[in-house]
Amino acid sequence: MSNYKRFYNDNYKYVFFTLVTYNRKPLLIDNINILRSAFRYVILKYHFEIFAICILKDHLHLILKLENTKDYSEIIKLIKYILTLINIIKLHLAIGHFQHLKNSSE
């Protein structure tokens with residue numbers, strides 16, 4: 001695991017960060033609706049505003065206005081978790097790993 005050092009200051013409400021996909025795989029644009037849903041969910045949970053966003057195929061840049069700057073790490077973790085989980089499910093559906101569930105309901 002990475003050992004990041006983060007500076008939290010309650011006087012600063014804006015944070016800038018960049019998220020990069022694993023091995024810079026071009027996943028974000030193809031999964032833009034999943035990304036939007038992930039942000040909607042995380043915004044409801046942590047009550048922040050997206051001040052600016054730039055989404056590219058393999059990374060994104062964000063400026064967020066946070067109510068609590070200490071939520072920053074959890075916000076990033078949850079967005080990454082949702083994107084990863086949905087892409088794993090999509091991969092398994094494409095391979096046919098869930099075919100037995102469809103067949104058992106017929």
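Tutor: We begin with the term contact, which means heavy atoms within 4.5 Å. In the protein chain, residues 24 or more positions apart account for 72% of the contacts with a separation of 6 or more. This is a predicted model, in which local features need pLDDT of at least 70, side-chain atom pairs count only at pLDDT 80 or more, and totals for chains, interfaces and linings use all residues. Residues are numbered from 1 along each chain as its sequence is written, and side-chain values use heavy atoms, with hydrogens and water left out.

Student: How many helices and strands does the protein chain have?

Tutor: Helices (H or I, at least four residues) and strands (E, at least two) are DSSP runs, numbered from the N terminus. Here the protein chain has 3 helices and 3 strands, and their pattern along the sequence is β-α-β-β-α-α.

Student: Which strands pair with β3, and in what sense?

Tutor: Two strands pair if DSSP finds at least two bridges between them. β1 (14-20) and β3 (59-66) run antiparallel and are joined by 7 bridges. Within that pairing, Thr18 has His61 in β3 as its bridge partner. β2 (48-55) also pairs with β3 in the antiparallel sense, over 7 bridges. There, Phe48 stands opposite Leu66, and Glu49 has Lys65 as its bridge partner. A hairpin through 3 residues joins β2 to β3.

Student: What share of the residues in the protein chain is buried?

Tutor: Buried means under 20% relative accessible area, exposed over 50%, and partly exposed in between, with a 1.4 Å probe and protein chains only. By this criterion, buried residues make up 27% of the 106 residues in the protein chain.

Student: Where is Asp58 found, and why is Asp58 classed as it is in accessibility?

Tutor: Asp58 is found in the loop between β2 and β3. Its relative accessibility is 12%, and therefore Asp58 counts as buried. A polar contact is a pair of N or O atoms within 3.5 Å; within protein, one must be able to donate a hydrogen and the other to accept it, and residues adjacent in sequence count only if both atoms are side-chain atoms. The side chains of Asp58 and His59 make such a contact, at 2.7 Å. Beyond its neighbours within four places in sequence, Asp58 is in contact with several residues, among them Leu19, Thr21, Arg24 and Leu28.

Student: Is Thr21 itself buried or exposed?

Tutor: Thr21 counts as buried because its relative accessibility is 13%. Thr21 lies in the loop between β1 and α1 (32-46). Apart from its neighbours within four places in sequence, Thr21 is in contact with Leu27, Leu28 and Asp58.

Student: How is a pocket identified, and what lines the second largest pocket?

Tutor: Rolling a probe the size of a water molecule over the atoms shows where empty space is left. On a 1 Å grid over the protein atoms alone, a cavity is a set of points where a 1.4 Å probe fits but cannot get out, and a pocket is an open set with protein on both sides within 12 Å along at least five of seven lines; lining residues have an atom within 4 Å of a point. Grid points are joined across faces, edges and corners, and a volume is the space filled by probe spheres set on the points. The second largest pocket holds about 350 Å³ of space. It is lined by 13 residues, of which Thr21, Tyr22, Leu27, Leu83 and Thr84 lie nearest its centre.

Student: Which elements supply the lining of the second largest pocket, and of what classes are the residues?

Tutor: β1 and α2 (72-95) each supply at least two residues of that lining, and α2 gives the largest share, 4 residues. Ala, Val, Leu, Ile, Met, Phe, Trp, Tyr, Cys and Pro count as nonpolar, Asp, Glu, Lys and Arg as charged, and the others, Gly among them, as polar. The lining has 7 nonpolar, 4 polar and 2 charged residues.

Student: What does Ile34 touch?

Tutor: Ile34 is found in helix α1 and is buried, with a relative accessible area of 17%. Not counting residues up to four places away in sequence, Ile34 touches Leu83, Ile86 and Lys90. The C-alpha atoms of Ile34 and Ile82, 48 residues apart along the chain, are separated by 8.3 Å.
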